[in-house]
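Subject: Structure for you to look at

Hi,

Here is the structure I promised to pass on. Please open it and keep it beside this email as you read.

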Amino acid sequence: MGPRMNNRIFAKTVQVISSTGQNLGVMQTSAALQMAMDDGLDLVEINANGAVPIVKIMDYGKFKYEQKKRASEAKKNQKTIEMKEVWVKPFIEENDLNIKMKKVFEFLGQGNKVKVAVMTRGSKKVLARGKDAVPELFAHIMELVGENGTLESKSKPDERTKSIIIAPATKK
């Protein structure tokens with residue numbers, strides 16, 4: 001909806017700030033409105049929470065345009081970090097893992113986080129010689145990643161799908 005302006009300001013007295021930023025003090029709303037009209041500008045309520053509302057004499061259309069311009073400029077400079085996902089099997093061959101790691105390095109190079117998830121078939125646990133093979137696989141993956149990324153989080157041990165999230169390394 002936006003701030004109240006001109007004839008929509010209902011307070012009897014207001015504290016007025018001129019278009020140049022100078023504090024003109026407390027005066028009747030009608031006198032402040034007349035000053036704004038004489039300058040061909042709007043009287044805009046900046047802060048209505050105080051005992052005496054604060055108003056500013058300004059060109060409201062220009063003010064809105066500059067706000068919109070600043071917001072779009074801030075949005076343009078903002079970098080969104082996406083979460084990319086790479087799936088591997090628990091007993092993946094070294095060559096296949098190297099191919100998957102090329103994709104991981106590509107995603108990290110673009111500044112994205114990478115979730116490496118392990119496919120487990122059905123409800124069977126992935127056991128190799130009586131122990132879980134997934135932690136060894138994740139340790140090997142982190143060894144391959146090296147200085148290109150940092151381990152951000154691991155899945156909980158009781159989760160069905162095991163995964164790790166790798167964040168891109170911060171540049172110094």
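Helix H2 covers residues 60-77, which is 18 residues. At 1.5 Å a residue, H2 should span 26 Å, and its end C-alpha atoms are 26 Å apart, so the two values agree. Keep in mind that this is a predicted model.

Look at the N-terminal end of H2 next. Asp59 caps it. A side-chain oxygen of Asp59 lies 3.3 Å from the backbone nitrogen of Gly61.

Now turn to H3 (residues 94-109) and H4 (residues 134-145). These helices pack at about 55°, and their axes are 11 Å apart. H3 and H4 are therefore oblique to each other. The crossing of H3 past H4 is right-handed.

Which residues meet there? From H3 come Glu94, Leu97, Asn98, Met101, Val104, Phe105 and Leu108. From H4 come Leu137, His140, Ile141, Leu144 and Val145. Nine residues of this contact are nonpolar, two are polar and one is charged.

Most residues other than glycine have a negative phi. Asn6 is not a glycine, yet its phi is positive, about 50°.

Best wishes

Conventions
Residues are numbered from 1 along each chain as its sequence is written. This is a predicted model: local features need pLDDT of at least 70, side-chain atom pairs count only at pLDDT 80 or more; totals for chains, interfaces and linings use all residues. Side-chain values use heavy atoms; hydrogens and water are left out. Helices (H or I, at least four residues) and strands (E, at least two) are DSSP runs, numbered from the N terminus. The expected span of a helix is 1.5 Å times one less than its number of residues. A polar contact is a pair of N or O atoms within 3.5 Å; within protein, one must be able to donate a hydrogen and the other to accept it, and residues adjacent in sequence count only if both atoms are side-chain atoms. Axes are lines fitted to C-alpha atoms, for helices over the stretch in contact, and angles run from 0 to 180 degrees between N-to-C directions. Angles under 35 degrees count as roughly parallel, over 145 as roughly antiparallel, 65 to 115 as roughly perpendicular and the rest as oblique. A crossing is left-handed if the near helix is turned anticlockwise from the far one by less than a right angle, and right-handed if clockwise. Contact means heavy atoms within 4.5 Å. Ala, Val, Leu, Ile, Met, Phe, Trp, Tyr, Cys and Pro count as nonpolar, Asp, Glu, Lys and Arg as charged, and the others, Gly among them, as polar.
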